[in-house]
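Here's a quick briefing to go with the structure below. Have a look at the coordinates first, then run through the points by topic.

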Amino acid sequence: MEMETSVTYEPKRNSEIRVFESSDEISTDLAEYISQVSEISVKERGFFAIALSGGPLVNFLGKLCEAPYNKTLDWSKWYIFWSDERAVAKNHVESNYKLTKEGFLSKVPILNGHVYSINDNATVEDAATDYEFVIRQLVKVRTIGVSESNDCPKFDLILLNMGSDGHVASLFPNHPALELKDDWVTYITDSPQTPPERITFTLPVINSASNIAILATGDDKAKAVHLAISDSTEGPETPASLPARMVQPTDGKLVWFLDKAAASSLEGKNDASFEHHEY
């Protein structure tokens with residue numbers, strides 16, 4: 001997918017890094033990126049299956065709620081999922097669903113029947129099992145695509161926020177959940193961040209997506225961004241299982257959306273590698 005503002009630095013196969021001066025510029029480019037992916041997906045498949053995550057990500061979706069996107073996108077073809085969720089009630093302050101509903105879904109005409117939230121009335125184990133079952137049914141009818149490399153679902157787009165520890169979705173460094181190969185959705189009860197019980201996509205599902213975007217902003221993300229993106233795999237600081245580094249699309253494309261602070265360690269190492277976005 002060609003973007004007028006694409007960057008030149010490509011540290012890994014099928015990946016791209018975009019660095020921005022401000023959060024507003026990230027929101028502007030992210031909206032155009034999502035718009036293009038959705039239009040291509042609807043044209044090619046008749047559906048747009050997108051998985052969201054928690055954290056500050058929803059705050060960057062605001063431009064999609066405004067002109068021209070709120071009028072031009074084919075919202076009736078959008079299907080919403082979550083790459084992870086906290087095992088709390090939907091009206092709980094820590095619910096990713098609540099955050100997304102208030103900040104995005106309530107402002108765009110996506111059909112309620114196309115919003116697939118995680119069951120908040122079940123145990124965390126049952127909720128993970130239920131969510132995987134729902135996804136399997138939608139893969140059968142191709143509302144969600146299927147990977148040509150494996151039998152995993154092939155979401156059109158998975159949007160991830162990276163934590164300062166390098167976690168994505170609810171996959172945390174050195175956690176056994178990173179090793180799962182056959183499960184599509186799993187659960188954890190020992191998250192290092194509250195709340196401890198969470199449901200999450202596994203790495204095979206994330207890596208099977210057609211498009212993956214990882215958002216990281218702020219100085220506290222700089223070290224993790226460097227460790228996740230750097231070509232160097234040697235040295236005592238490079239963790240064996242940094243989740244963000246393990247996001248490596250099987251057949252799709254990965255795009256990083258960074259502000260200058262989060263990209264600062266990369267820039268210090270290779271200033272000539274970036275084409276900054278300035279509006």
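The largest pocket in this predicted model holds about 240 Å³ of space. Closest to its centre, among the 12 residues that line the pocket, are Ile40, Ser41, Glu44, Ser210 and Asn211. Helix 1 supplies the largest share of that lining, with five residues.

**Pocket**
- How does the lining of the largest pocket split by class? It has five charged, four polar and three nonpolar residues.
- Empty space like this shows up when a probe the size of a water molecule is rolled over the atoms.

**Helix 1**
- Helix 1 covers residues 23–45, and at 1.5 Å a residue its 23 residues should span 33 Å.
- Just after helix 1 comes glycine 46, which takes a positive phi of about 90 degrees.

**Isoleucine 212**
- Which strand holds isoleucine 212? Strand 10, made up of residues 211–216.
- Isoleucine 212 counts as buried because its relative accessible area is 0%, and the cut-off for buried is under 20%.
- Leaving out residues up to four places away in sequence, isoleucine 212 touches Tyr33, Leu157, Ile158, Leu160, Ile206, Asn207, Val247, Pro249, Lys253, Leu254 and Val255.
- One of those partners, Val255, is 43 residues away from isoleucine 212 along the chain, yet their C-alpha atoms are separated by 6.3 Å.

**Whole chain**
- The protein chain has 11 strands and seven helices.
- Of the 279 residues in the protein chain, 54% are buried.
- Take the contacts in the protein chain with a separation of 6 or more: 74% of them link residues 24 or more positions apart.

**Confidence**
- pLDDT averages 90 over the protein chain, and 87% of the residues score at least 70.
- Where does pLDDT stay under 50? One such stretch is residues 1–10, for which the model has 31 contacts beyond four places in sequence.
- Residues 268–275 also stay under 50 in pLDDT, and the model gives them 14 contacts beyond four places in sequence.

How values were computed:
Residues numbered from 1 in each chain as written. Predicted model: local features only at pLDDT ≥ 70, side-chain atom pairs only at ≥ 80, totals over all residues. Heavy atoms only, no water. Helix = DSSP H or I, 4+ residues; strand = E, 2+ residues; numbered from the N terminus. Expected span 1.5 Å × (residues − 1). 1 Å grid on protein atoms, 1.4 Å probe; cavity = no way out; pocket = protein on both sides within 12 Å on 5 of 7 lines; lining within 4 Å. Points joined across faces, edges and corners; volume = space filled by probe spheres on them. Nonpolar A, V, L, I, M, F, W, Y, C, P; charged D, E, K, R; others polar. pLDDT = per-residue confidence, 0-100. Contact = heavy atoms within 4.5 Å. Buried < 20%, exposed > 50% of the residue type's maximum accessible area, 1.4 Å probe, protein only.
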